[in-house]
Amino acid sequence: MAQNTVEKTPVTLLGLGAMGTALARTWLAAGHPLTVWNRTTARASALAAEGAGVAESAAEAVAANTLVVACLLDDTSVDEVLAGADLSGKDLVNLTTSTPAQARARAEWARARGARYLDGGIMSVPPMIGVPQAGAYVLYSGSRELFERRQGALAVPAGTTYVGEDAGFAALFDVALLSAMYGMLAGAAHAFALIRKEDIDPATLAPLLADWLAAMAPAVHRTAGQLRTGDYTKGVVSTLAMQVAGTPTFLSTAEQQGVSPELLTPYFALMRRRLAEASGEEDLTGVIDLLLR
């Protein structure tokens with residue numbers, strides 16, 4: 001009986017930093033023919049022993065396969081690396097970190113060179129790549145047809161989430177999510193600072209803090225609903241007026257603990273400003289409008 005085999009999509013990968021190397025090893029482990037190129041040849045040579053084909057130049061790597069994935073340092077690097085490559089008929093997937101404007105410009109740049117284009121934002125760190133239970137995923141935007149056609153290969157290293165035809169949306173969602181992460185980490189930093197001078201093991205606070213942040217996270221759905229309807233008073237649990245009234249306690253506690261309030265004061269200032277301009281019965285959602293220029 002003939003054995004059924006599934007043909008694996010050949011992939012070209014440009015860039016073998018920590019993330020690129022993790023992507024490469026995952027595609028190789030899954031049986032995808034892989035051609036790689038990197039400025040530092042030693043990194044590419046290491047993958048040759050694992051079955052990768054090593055191109056002498058980026059142009060040669062691009063010529064090897066239709067699906068070309070770029071995971072480079074920055075947007076300028078994409079220009080430099082692909083300057084001499086023939087992109088006609090290629091499916092270019094750009095996983096290089098960029099701004100939404102850069103991603104949109106790159107999509108036009110690719111189309112002018114005869115390539116189909118997808119932009120991607122990797123929501124993980126290298127050790128999560130190729131580990132399904134780690135929850136890594138990549139945001140994709142641009143051609144839906146291209147995403148659906150290439151999703152099988154793109155889903156090998158990490159999960160895939162398509163966020164729209166606008167090529168800039170993956171970068172926008174990426175930065176939006178990471179911005180929220182930094183806000184969370186800023187709050188956690190302030191929390192740990194408050195107990196730093198006390199006889200308190202930080203490991204005692206950590207599980208309480210993690211559980212509290214997890215419990216608060218679903219509030220983003222209420223915020224989204226309020227933004228959609230324009231009614232910032234719907235479903236309010238703790239009004240803006242109540243929360244502004246409570247802010248002096250946070251600032252006094254920080255002062256008593258010898259902790260700078262600099263991570264809190266900008267947000268508190270926005271809360272007070274919103275209260276002065278709008279209803280105290282609404283949620284904190286109105287602060288978002290104050291951030292728009």
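**Close-up views of a predicted model**

**View 1. Helices H7 and H8 contribute to a nonpolar surface patch.** At least two residues of the nonpolar patch come from each of helix H7 (169–195) and helix H8 (202–216). This is a predicted model, in which local features need pLDDT of at least 70 and side-chain atom pairs count only at pLDDT 80 or more, while totals for chains, interfaces and linings use all residues. Residues are numbered from 1 along each chain as its sequence is written, and side-chain values use heavy atoms, with hydrogens and water left out. Helices (H or I, at least four residues) and strands (E, at least two) are DSSP runs numbered from the N terminus. The patch is formed by Leu178, Met181, Tyr182, Met184, Leu185, Trp212, Leu213 and Met216, which together have about 750 Å² of accessible area. Its largest share, five residues, is supplied by H7. Patches consist of residues with over 30% relative accessible area and no salt bridge; like charges are joined within 9 Å, and nonpolar side chains (Val, Leu, Ile, Met, Phe, Trp, Tyr) within 5 Å. A salt bridge is a side-chain nitrogen of Lys or Arg within 4 Å of a carboxyl oxygen of Asp or Glu. Areas come from the Shrake-Rupley method with a 1.4 Å probe, and for residues only the protein chains shown count as cover.

**View 2. Leu178 and Met184 lie in helix H7**. Leu178 counts as partly exposed because its relative accessibility is 33%. Met184 is also assigned as partly exposed, at 40% relative accessibility. Buried means under 20% relative accessible area, exposed over 50%, and partly exposed in between (1.4 Å probe, protein chains only). Between Met184 and Leu275, 91 residues apart in sequence, the C-alpha to C-alpha distance is 23 Å.

**View 3. Eight strands form an open sheet with mixed pairing**. The strand order is E3-E2-E1-E4-E5-E6-E7-E8. Strand E3 (53–54) and strand E8 (159–162) are the edge strands, each pairing on one side only. Two strands pair if DSSP finds at least two bridges between them. E1 and strand E2 (residues 34–37) run parallel and are joined by four bridges, with Val11 opposite Leu34 in E2.

**View 4. Strand E4 pairs with E1 and with E5**. Strand E1 (residues 11–14) and E4 pair in the parallel sense over four bridges, and Thr12 stands opposite Val68 in E4. Four bridges also connect E4 with strand E5 (residues 91–94) in the parallel sense, where Val69 faces Val93 in E5. From strand E4 (residues 67–70), Leu67 and Val69 point one way, Val68 and Ala70 the other, and all are buried. In a regular strand the side chains alternate between the two faces of the sheet. E4, helix H4 (residues 75–82) and E5 make a right-handed β-α-β unit. A crossover is right-handed if, with the strands pointing away from the viewer, the path from the first strand over the helix to the second runs clockwise.

**View 5. E7, helix H6 and E8 make a right-handed β-α-β unit**. Strand E7 (residues 137–142) runs parallel to E8, and four bridges join the two. Tyr162 in E8 is the bridge partner of Tyr140. Helix H6 of this unit spans residues 144–154.

**View 6. The largest nonpolar core has 31 residues**. Leu13, Leu34 and Tyr140 have the most contacts inside this core. Elements giving two or more residues to the core include helix H1 (18–29), helix H2 (41–48) and strand E6 (116–123). H1 gives the most, with six residues. A nonpolar core is a set of buried Ala, Val, Leu, Ile, Met, Phe, Trp, Tyr and Cys residues joined through side-chain atoms within 4.5 Å.
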